[in-house]
Amino acid sequence: MECSEALDLLYESFDAQITPAQAALLNGHRRTCFACAGTLAKAQRFQDLIRRVPQLTVPRGLEARVIERVLHKSANSFSQQMKVIRPAFSWRTALRPALASGGVLAAALAVFFIAHSMLSNTFHRPTDQTVVATVQGSLQDVAPNKQTSEIDSTDTPLSTGEVLRPIGALPAIVSITPHLALIMSSGSEVQVGKLHYDQSSGLADVIFLNLRRGTLRINEILHRDVSPVQVATRQATFVPTGTTFSVDAKTDATDLAVTAGSVAVHMPGRVFSVIAGHGVHITATDVVRNVLLGKHPKVNPLP
Amino acid sequence: MFGLPLAVTILGAIRSYHLEPVSNNLDVELMTKVANGDGEAFAELVKRYTRMLYNVAYRYNASSAEDLVQETFLRAYQHARTFSGRSKVSSWLYRICVNVCLTHQTRAGSPTMDIDDVNEAELLVREDERPEVMAQRGETFRALEDGLRALPSQQRMVFILRELQGLSYGEISDVLGMNEQAARTNLCRAKRRLQLWLDPLLV
C-alpha cells in the first residue's frame, strides 16, 4: 500500500467508510511504514482538532434584522407587482362597455368561440403535459402531428413532443415558469422531450429539453429544491441546480458554459459537475474543462 | 478500530441535531404558511434555521456572513411556493445558502475554483499569517478557518457540510449537486490541504 493511499484510508476511517479488510490493511501499513507514521499521527490530531471546532452563536439581533429586511423588501416588491398587473384589469374594464352595447347575442357568441377554442386545445394537449409559457420574439412551433404554427404572442401552451425554432435573426425568450427562462439563439432547435405539470403545486416539475442544434441558454434565477429542467444533446445531459448556463450543440461536440450555480453533466459511464465560471467542451472522445473568460449577458425571465 | 468511527458518526449526528431542527410535518406546515405570505411563520422559520445557516455562511465567508444569511432567507421567502416537500427543509435551505455563497463569490470578483485547478503555491501566505504564528497567539481555530478559506470552493463547502455541519454524504450530494463519490474525493483533498496548512500546530 502506498503512503498516500494509507492517508486517504485513514481519513475515510474517521468517517466509518472503510471495510474490515481495508482497516486490516491500514493497520498493517501503520505498523510497518515509518516514513508516514508522523503524517498519520498528525492526521489523527487534525481530526481531533476538527471535532473541537465550536459551533458559532448567532450575532445579537440577526434574526430580527433578517425578518425585518425580508418582510419589508417583499412588501415593496409586492406593491410593484400590483402596478404591473393593473393593465390586465384595464383591458377587462375596456371590454365591459363593448359587451354591454353588443347585447346578449354577441356575448354568447364570444363565450362559444372562447370555450370552443379552449376545449380544442385541451383535446390535443394533455393538461398534465402542458404549461403556458410566455414567449418574447418569434417562434415556429411544430406539434407532434407535424402541424406547424407561429408563436409571437405572450401566453402560449407548450406540450410534450413539440419542436421550437426561433424565426429570423433574433433570439426568442421562452419563460416557462416565473423563475425559468430559455433563451434560444437564432438557428437553434429544441424539442420538448418530456414535460410534466403538477396540478397540485401549479408548477412544471419536469422539463426535459432535447437541444438538436444551436445555442440554448438557461436562466434559472430561483434555487429550487429540485430543478425541473434538463437539457440533452448527442453527447451529454445537463442537470442544473438553480443556475445560469448555456449549451451549444453541434453535430460532433457540445459546449457548456456555467455563469452561476453549478450544472451536473451526465455522460455514459460518468457524472461530473461544472461550477460557475467554468465550461466544458465535450466530444465523442474527449472532455476538456476550461475557465470562462467573458461574462454572458444576464437575461431575466419575464414576470 | 471501530469504536472511533462509531463515535465520529454519533458526534456528527449530535452536531447535526444541534444545528438542524428535525424536519417533520410541522416544518412542511410552516413552509406552506410561509408560501402564503404568513409573516409569523416566516419568523419561526428564521428562528429555527438562522444558526445553521450562519455557521455555513461564516465558515465560507466570515466578512459577509450576515449578508449571506439575509439573502438566503430572502430567496427562501420569495420562492417558498416551490418547496415541494420532497427534501428536508434544512436541505432546501442549505442548497439556497450554498448557491448564495457561490454567487456572492463570483460577483465579488474572486472566481470559484474547480477541482485540480489549485496549486500548492496558493497556500503560501504572509509570515504573520502562518499557522505557527497564530498558534502562539492561541488562534488555533482561526488558523483552521483561514486555511479553509484558501481551499477551492467545492472542497471548502464539502468540508463545511460534512465535518462542521455533520451532513451525510447523501445530503451533501443533494445539496451540492455532485455524486457521493465526488463528495468523498473533495473531502479527502480538502483534508490533505488543511492538514498541510496546519502542520505546525499538529505536534
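## Notes on a predicted two-chain model

1. Let's start with one residue. Leaving aside neighbours within four places in sequence, A:His196 touches A:Asp128, A:Gln129, A:Ala204, A:Asp205 and A:Val206. You'll find A:His196 in strand 8 of chain A, which covers residues 189-198. Is A:His196 buried, exposed or partly exposed? It has 18 C-beta neighbours inside 10 Å, so it counts as partly exposed; a buried residue would need 20 or more.

2. For the complex, the predictor reports an ipTM of 0.75 and a pTM of 0.50. In chain A the average pLDDT is 75, with 73% of the residues scoring at least 70. Which parts of chain A have the lowest and highest confidence? The lowest is helix 4 (residues 62-124), with a mean of 59, and the highest is strand 5 (residues 163-166), at 91. Within chain A, residues 78-91 have a pLDDT below 50, and that stretch has one contact in the model beyond near neighbours in sequence. Residues 295-303 of chain A also stay under 50, but there the model has 21 contacts beyond four places in sequence.

3. What is each chain built from? Chain A has four helices and 17 strands, while chain B has 10 helices and zero strands. Reading chain B from the N terminus, you get α-α-α-α-α-α-α-α-α-α. Buried residues make up 33% of the 303 residues in chain A, and 49% of the 203 residues in chain B. Looking at contacts with a separation of 6 or more, residues 24 or more positions apart account for 47% of them in chain A and for 70% in chain B.

4. Two packed helices are described by the angle between their axes and the distance between the axes. Helix 8 (residues 153-164) and helix 10 (residues 180-197) of chain B pack at about 95°, with axes 8 Å apart. That angle makes helix 8 of chain B roughly perpendicular to helix 10 of chain B. On the helix 8 side, the residues that meet helix 10 are B:Gln154, B:Gln155, B:Arg156, B:Val158, B:Phe159 and B:Arg162. On the helix 10 side they are B:Ala183, B:Asn186, B:Leu187, B:Arg189 and B:Ala190. Sorted by type, the residues of this contact come to five nonpolar, three polar and three charged.

5. Next, helix 2 of chain B, residues 25-35. Which of its residues are buried? They are B:Asp27, B:Leu30, B:Met31 and B:Val34. These cover an arc of only 95° around the axis, so they lie on the same side of helix 2 of chain B. The spacing makes sense: an α-helix has 3.6 residues a turn, so residues three or four places apart point the same way. The face turned away from that buried side carries the exposed residues B:Asn25 and B:Glu29. After helix 2 of chain B comes B:Gly37, with a positive phi near 85°.

6. Helix 7 of chain B (residues 140-149) can be read in a similar manner. Its buried residues are B:Ala143, B:Leu144, B:Gly147 and B:Leu148. Their arc is only 140° around the axis, which puts them on the same side of helix 7 of chain B.

7. Most residues other than glycine have a negative phi. A:Lys146 is not a glycine, but its phi is positive, at about 75°. Where is A:Lys146 found? It's in the loop between strand 2 (139-142) and strand 3 (148-151) of chain A. With 7 C-beta neighbours inside 10 Å, A:Lys146 counts as exposed.

Notes:
Residues are numbered from 1 along each chain as its sequence is written. Chains are lettered from A and ligands numbered from 1 in the order in which they are written. This is a predicted model: local features need pLDDT of at least 70, side-chain atom pairs count only at pLDDT 80 or more; totals for chains, interfaces and linings use all residues. Helices (H or I, at least four residues) and strands (E, at least two) are DSSP runs, numbered from the N terminus. A residue is buried if 20 or more other C-beta atoms lie within 10 Å of its own, exposed if 12 or fewer, and partly exposed in between; C-beta atoms are placed from the backbone. Two residues are in contact if their C-beta atoms, placed from the backbone, lie within 7 Å. Axes are lines fitted to C-alpha atoms, for helices over the stretch in contact, and angles run from 0 to 180 degrees between N-to-C directions. Angles under 35 degrees count as roughly parallel, over 145 as roughly antiparallel, 65 to 115 as roughly perpendicular and the rest as oblique. Ala, Val, Leu, Ile, Met, Phe, Trp, Tyr, Cys and Pro count as nonpolar, Asp, Glu, Lys and Arg as charged, and the others, Gly among them, as polar. The arc is that of the directions from the helix axis to the C-beta atoms. pLDDT is the predictor's confidence in each residue, from 0 to 100.
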